[in-house]
Amino acid sequence: MRPVFVQLQCSPGKTYEVADELFEREVASELYSTSGDYDLLMKVYIEDDVDIGKFINENVANVPGIVRSLTTLTFKAF
């Protein structure tokens, strides 16, 4: 499994609703509120044979209230 980090920018006033929906979908292993350009940071584990873009589109990006996402792939843990 590959760890992938996704930053999410939410519509104003929708951050808690987005976080609740992601929690209900049981997609994230960790989910944090953040400061800056993005409102949420989530860590997901994706199976090696699953397309990351398709996974994000089908499980994360279609949550109502998400305006933008930024996906960061990881290569090695130190």
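A salt bridge here is a side-chain nitrogen of Lys or Arg within 4 Å of a carboxyl oxygen of Asp or Glu. By that rule the count comes to four salt bridges, and I will go through three of them, then turn to a lysine in strand 3.

Some ground rules. This is a predicted model, in which local features need pLDDT of at least 70 and side-chain atom pairs count only at pLDDT 80 or more, while totals for chains, interfaces and linings use all residues. Residues are numbered from 1 along each chain as its sequence is written, and side-chain values use heavy atoms, with hydrogens and water left out.

I start in helix 1. Glutamate 21 and arginine 25 join their side chains in a salt bridge, 2.8 Å from N to O. The two are four residues apart in helix 1, residues 15–25, so about one helical turn separates them. Helices (H or I, at least four residues) and strands (E, at least two) are DSSP runs, numbered from the N terminus. How exposed are the partners? For that I use relative accessible area: buried is under 20%, exposed is over 50%, and partly exposed is in between, with a 1.4 Å probe and protein chains only. Glutamate 21 is partly exposed at 30%, and arginine 25 is partly exposed at 29%.

Next, lysine 14 and glutamate 17. Their side chains form a salt bridge at 3.5 Å, N to O. Lysine 14 has 32% relative accessibility, which is partly exposed; glutamate 17 has 47% and is also partly exposed.

Arginine 2 is partly exposed at 27%, whereas aspartate 48, at 54%, counts as exposed.

Now the lysine. The side chain of lysine 43 makes a polar contact with that of tyrosine 45 at 3.0 Å. A polar contact is a pair of N or O atoms within 3.5 Å; within protein, one must be able to donate a hydrogen and the other to accept it, and residues adjacent in sequence count only if both atoms are side-chain atoms. Leaving out residues up to four places away in sequence, lysine 43 touches Pro3, Val4, Phe5, Ala28, Ser29 and Glu30, where contact means heavy atoms within 4.5 Å.
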